[in-house]
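Subject: Structure handover

Hello,

Here is the structure we spoke about. Please open it beside this email and follow along as you read.

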Amino acid sequence: MEYRKLGNSGTAVSAYALGTMTFGAEADEATSHQILSAYAAAGGNFIDTADVYTAGASERIIGSWLAKNPTERDQMVLASKGRFPMGDGVNDIGLSRRHLRRALDDSLARLGVDHIDLYQVHSWDPLTPLEETLGFLEDSIRNGKIGYYGFSNYSGWQMTKAVWLAKAHGWNAPVTLQPQYSLLVREIESEIVPAALDADIGLLPWSPLGGGWLTGKYQRDTSPTGETRLGENPERGMEAWKERNAKERTWRIIDTVVEIAAEREVTASQVALAWVAQQPAVTSVILGARNTDQLTDNLGADSVTLSAAEVDRLSTVSAPEVSDYPYGVPGQEQRSRKIDGGR
């Protein structure tokens, strides 16, 4: 397993993290424990969860596995998140000190640990002053409840504002950001990736397989069935079948992924994951799995290094559609210049 720095921290994490949103929902406790054990056996050391995943069940399942596996517990880097509602009260949501204090304490209790290595705010909160949120995170580092903090689903300006506000107060800076990122969803490259590179923040991409689309298991104009995310719910959120199936870009990308996989004699999933792992600013790619077979296949991406030509093929076919300004070629050209001058 390849290891990388956790953003701008000194902690080392595996290039592929284990996402656990399936725990307690698509994977029962026994299956989840098998997934955790297989991940640890493969050399993985970075587990990502959240309080809201299956209403706390994900954290409890991880906690029970950690209790049974003290050696692995000491080696794992634990990441969790807080922000979304875990109750019906008016203050059972958000990034206020009041809510985060309880959210963090409850996560620690469910996980059965005395600190969380990476605590992430799950989304922007427009009602809570950013100073209040960052102040709580700073206090939590100082009192030993968390090691580092990061963000999830922040835009470029939100992340940059937080970085500079922390610096202005002399507080610890964020180390990571979790964005959605895959060959199908590349919008973060316009603002978020440059902002992360500027602040030395590591990206932890979620949904790197586009909700299963990039595994090659779906067929054009054939509605999925069976025990898959879209087979069980074709209208599932951002991954919905109808919208993506209707886009020619979707199938150009999938066809190219499948072609390269056949040429390399690896799986489509491994090619798609390897592309994400090789992108600028990426620290660790978050893998989700329903069973150990899926996990094993995905972890095979760790041994796949795409050539520059293969990366270019995939990047070209998946290029997002943007207007000329500010993110298209003319806009990009105006943000650079030659050292020797000239037009």
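How many residues does helix α2 have, and how far does it reach from its first C-alpha to its last? Before the reply, one caution: this is a predicted model, and the values below are computed from it.

Helix α2

Helix α2 covers residues 57-68, which is 12 residues. From the first C-alpha to the last it reaches 17 Å, close to the 16 Å expected at 1.5 Å a residue. The buried residues of α2 are Ala57, Ser58, Glu59, Ile61, Ile62, Gly63, Trp65 and Leu66.

Two packed helices are described by the angle between their axes and the distance between the axes. For α2 and α4 the angle is about 45° and the axes are 7 Å apart. The two helices are therefore oblique to each other. On the α2 side the contact is made by Glu59, Arg60, Ile62, Gly63 and Leu66, and on the α4 side by Ser107, Arg110 and Leu111. Sorted by class, the residues of this contact are 3 nonpolar, 2 polar and 3 charged.

Is Ser32 buried or exposed? Ser32 lies in helix α1, and it is buried, with a relative accessible area of 0%. The cut-off for buried is under 20%, so a value of 0% puts Ser32 in that class. Leaving aside neighbours within four places in sequence, Ser32 is in contact with Phe23, Gly24, Ala27 and Ile61.

Gln75, in helix α3, is exposed, with a relative accessible area of 56%. The cut-off for exposed is over 50%. Gln75 and Asn45 are 30 residues apart along the chain, and their C-alpha atoms are separated by 6.4 Å.

The crossing is right-handed. Gln34, Ile35, Ala38 and Tyr39 of α1 make the contact with Thr292, Leu295 and Leu299 of α12. The residues of this contact comprise 5 nonpolar, 2 polar and no charged.

Which residues join α6 to α7? First, the geometry. Helix α6 (residues 156-169) and helix α7 (residues 192-199) have axes that come within 8 Å and cross at roughly 15°. The pair is therefore roughly parallel, and the crossing is left-handed. From α6, Gly156, Met159, Thr160 and Val163 meet Ile192, Ala195, Ala196 and Ala199 of α7. This contact has 6 nonpolar and 2 polar residues, with no charged ones.

Helix α10 and what follows it

Helix α10 (residues 248-264) has 17 residues. It reaches 25 Å from its first C-alpha to its last, close to the 24 Å expected at 1.5 Å a residue. The buried residues of α10 are Arg249, Thr250, Trp251, Ile253, Ile254, Thr256, Val257, Ile260 and Ala261. They pack against α9 (241-245), α11 (268-277) and α13 (308-317).

Just after α10 comes Glu265, which takes a positive phi of about 60°. Glu265 is a residue other than glycine, and its place is in the loop between α10 and α11. At 74% relative accessibility, Glu265 counts as exposed.

Two other loop residues

Ala281 lies in the loop between α11 and β10 (285-288). Its phi is near 75°, again a positive value in a residue other than glycine.

Which peptide bond is cis, with omega near 0°? It is the bond from Tyr325 to Pro326. Pro326 is found in the loop between α13 and α14 (329-333).

Regards

Technical notes
Residues numbered from 1 in each chain as written. Predicted model: local features only at pLDDT ≥ 70, side-chain atom pairs only at ≥ 80, totals over all residues. Heavy atoms only, no water. Helix = DSSP H or I, 4+ residues; strand = E, 2+ residues; numbered from the N terminus. Expected span 1.5 Å × (residues − 1). Buried < 20%, exposed > 50% of the residue type's maximum accessible area, 1.4 Å probe, protein only. Left-handed = near helix turned anticlockwise from the far one by under 90°. Contact = heavy atoms within 4.5 Å. Nonpolar A, V, L, I, M, F, W, Y, C, P; charged D, E, K, R; others polar. Axes fitted to C-alpha atoms, helices over the stretch in contact; angles between N-to-C directions. Parallel < 35°, antiparallel > 145°, perpendicular 65-115°, else oblique.
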